[in-house]
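Hello,

Here is the structure I promised to pass on. Please have a look at it first, and then read on for what turned up in it.

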Amino acid sequence: IGHLLPMISPWDNPGYLHRVWCLFELIIAKKYGCKITMIMPDSDRLDFLKMLDDKNMSTCDRMTRLFDVLFNTRVQDAKDPKNPT
């Protein structure tokens, strides 16, 4: 209690950010001052770090790719797995 560990996988399209209950959980954790530590499988972590270190991309492009993941999270499009309609 007091520490949320959301699983972020895949890092560039995490299912966690597409489920309404998970978004609610994240908002409540933040509201009540819980520690939030994003975790991801080793393979996703390595892909994420590889993207951050990609010399073929500008720093701006790398940051844009990262922020696109967050900006593409739309609460109004979140899914309820118990009621998929």
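Arginine 62 touches Met51, Leu52, Asp53, Asp54 and Met57, leaving aside residues up to four places away in sequence; a contact here means heavy atoms within 4.5 Å. Arginine 62 sits in helix H3. Helices (H or I, at least four residues) and strands (E, at least two) are DSSP runs, numbered from the N terminus. Before going further, please note that this is a predicted model, in which local features need pLDDT of at least 70 and side-chain atom pairs count only at pLDDT 80 or more, while totals for chains, interfaces and linings use all residues. Residues are numbered from 1 along each chain as its sequence is written, and side-chain values use heavy atoms, with hydrogens and water left out.

A salt bridge needs a side-chain nitrogen of Lys or Arg within 4 Å of a carboxyl oxygen of Asp or Glu.

Aspartate 53 does form a salt bridge, with lysine 55, where the closest N and O atoms are 3.0 Å apart. Aspartate 53 is partly exposed, with a relative accessible area of 47%, and lysine 55 is exposed at 67%.

The count of salt bridges comes to three. Another of them joins arginine 65 and aspartate 12, at 3.3 Å from N to O. This pair links distant parts of the chain, with arginine 65 in helix H3 and aspartate 12 in the loop between strand E1 (3–4) and helix H1 (20–31). The two residues are 53 apart in sequence and 8.2 Å apart in space, C-alpha to C-alpha. Both are partly exposed: arginine 65 has a relative accessibility of 35%, and aspartate 12 has 36%. Not counting residues up to four places away in sequence, arginine 65 touches Trp11, Asp12, Met51 and Met57.

There is also a salt bridge between arginine 45 and aspartate 42, with the closest N and O atoms 3.8 Å apart. These two residues both lie in helix H2, three residues apart, about one turn of the helix. An α-helix has 3.6 residues a turn, so residues three or four places apart point the same way. Arginine 45 is partly exposed at 37% relative accessibility, whereas aspartate 42 is exposed at 52%.

Which residues of H2 (residues 42–52) are buried? They are Asp44, Phe48 and Met51. Seen down the axis of H2, these buried residues fall within an arc of 60°, so they line one face of the helix; the arc is that of the directions from the helix axis to the C-beta atoms. They pack against helix H3 (59–71). The face of H2 turned away from its buried side carries the exposed residues Asp42, Leu46 and Lys50.

Cysteine 22 is in no disulfide, and the nearest cysteine sulfur, that of cysteine 34, is 15 Å away. Seen from cysteine 34, that distance of 15 Å to the closest cysteine sulfur is too far for a bond. Cysteine 22 is buried, with a relative accessible area of 11%, while cysteine 34 is partly exposed at 25%.

Finally, the chain as a whole. There are three helices and two strands, and along the sequence they follow the pattern β-α-β-α-α. The C-alpha trace spans about 40 × 30 × 20 Å along its principal axes. Of the 85 residues in the chain, 21% are buried. Among contacts between residues at least 6 apart in sequence, 65% join residues at least 24 apart. The accessible surface comes to about 6500 Å², of which 60% belongs to carbon and sulfur atoms; accessible areas come from the Shrake-Rupley method with a 1.4 Å probe, and for residues only the protein chains shown count as cover.

Best wishes

Key: Buried means under 20% relative accessible area, exposed over 50%, partly exposed in between (1.4 Å probe, protein chains only). A disulfide is a pair of cysteine sulfur atoms within 2.5 Å.
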